Each structure stands twice: as C-alpha cells, then as structure tokens.
Amino acid sequence: ISPNIRVDLIQDVNEIVAVAPRIINWELIAGRPRKREILNEFVITNIYGEDLEVNAKDWMCILYKFKNQTYDLDVQINGLHVDEETQYQAVEIHISNLIGEMIFLSKIKNISIVEDFDSNLESRAIPLVNLREVNF
C-alpha cells in the first residue's frame, strides 16, 4: 500500500497495513519496495498529460548526511529538459525505485536539482544509481 510519495500519509499507510487481515498468498507492505532491477529508463506523465521517456542513466548526485540519520540530496539530471515539477517527479520516482518508497520518504528530506555541482564538492558526486548501495 503506497502513500504515493507523500510523507503526510506514512502514518496512515502503516496503520492500514498493521490492521489489515491476513490474506493467503498475499503480502501487504507499507510503501513500494525498491525494484529488483535498476530501471534507468521509464515513462512519466508531465503536467500537460503528455507521456515522456526518461533516461536516468547518467544522473549524478551528492548526498549530505546529518546527525539525525537523514539526508539531503543534490541531483544533476542530464538530458531531461522539462518543467521543474516534472523534473522533481522523475527524480522522486527514480529514487523510490532505487531504494524503496518508505526509505526514500523517511530518510531523504530535501532534494535540489542542480545544473552543476559546486566546484569544491564536485569530487563527492556519485551516479544516482549508487544510492542502492547506501546503508540508509
């Protein structure tokens, strides 16, 4: 059961899953799990209702860890020339696919889409797909 990438629905989803009856051959979980395979290419619908093909293969990021075990993320999304809302939608979907929706919502607090990384931080940039390897 998914909160549809909405932090304000996490508690409701957890409560629904906690009281859900057992169903043979079904497993109800809170949030979309991470995808088994890396899906760098996917389709999203923009604010005008148009389907857009997204290729996130070359996306890069810098992860900032805080003492409370949460993170901020700067993301460089090469090759996605669309409106800002659609850019953030694509980034949120891709990260959710990489690490799972509930980890994404509970651990990643702020995302900034950047054209370029600050030159003094550029060496910390990693492929966004490497978020799968982070021990959140």
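The second largest pocket is lined by Q76, I77, N78, G79, L80, H81, Q87, I113, V114 and E115. Its volume is about 170 Å³. The lining divides into four nonpolar, five polar and one charged residue. This is a predicted model: local features need pLDDT of at least 70, side-chain atom pairs count only at pLDDT 80 or more, and totals for chains, interfaces and linings use all residues. Residues are numbered from 1 along each chain as its sequence is written, and side-chain values use heavy atoms, with hydrogens and water left out.

**Pockets**
- A pocket here is an open set of points on a 1 Å grid over the protein atoms alone, where a 1.4 Å probe fits, with protein on both sides within 12 Å along at least five of seven lines; lining residues have an atom within 4 Å of a point.
- A volume is the space filled by probe spheres set on the points, which are joined across faces, edges and corners.
- The largest pocket has a volume of about 210 Å³.
- Its lining consists of N4, I5, R32, K35, F42, Q89, I93, S96 and N97.
- By class, that lining has three nonpolar, four polar and two charged residues.
- Ala, Val, Leu, Ile, Met, Phe, Trp, Tyr, Cys and Pro count as nonpolar, Asp, Glu, Lys and Arg as charged, and the others, Gly among them, as polar.
- Helix α2 gives the most to the lining of the largest pocket, with four residues.

**Overall fold**
- The protein has three helices and six strands, taken as DSSP runs (helices H or I, at least four residues; strands E, at least two) and numbered from the N terminus.
- Along the sequence the pattern is α-β-β-β-β-α-α-β-β.
- The C-alpha atoms fill a box of roughly 55 × 40 × 25 Å, taken along the principal axes.
- Of the 136 residues, 37% count as buried, meaning under 20% relative accessible area with a 1.4 Å probe and protein chains only.
- Among contacts (heavy atoms within 4.5 Å) between residues at least 6 apart in sequence, 65% join residues at least 24 apart.

**Helix α2**
- α2 covers residues 84-99, 16 residues in total.
- From first C-alpha to last, α2 reaches 23 Å, close to the 22 Å expected at 1.5 Å a residue; the expected span is 1.5 Å times one less than the number of residues.
- The buried residues of α2 are T86, Q87, A90, V91, H94, I95, S96, N97, L98 and I99.
- What covers them includes β1 (41-45), β2 (51-55), β4 (71-76), α3 (101-107) and β5 (108-113).
- At the start of α2, a side-chain oxygen of D83 reaches to within 3.3 Å of the backbone nitrogen of E85.
- G100 follows α2, with a positive phi near 95°.

**T86**
- T86 is found in helix α2 and is buried, with a relative accessible area of 0%.
- The side chain of T86 makes a polar contact with the side chain of D83 at 2.8 Å.
- A polar contact is a pair of N or O atoms within 3.5 Å; within protein, one must be able to donate a hydrogen and the other to accept it, and residues adjacent in sequence count only if both atoms are side-chain atoms.
- Not counting residues up to four places away in sequence, T86 touches I44, N46, I47 and L52.

**F42**
- F42 lies in strand β1 and counts as buried at 12% relative accessibility.
- Leaving aside neighbours within four places in sequence, F42 is in contact with L52, E53, V54, A56, A90, I93 and H94.

Note on methods. Buried means under 20% relative accessible area, exposed over 50%, partly exposed in between (1.4 Å probe, protein chains only).
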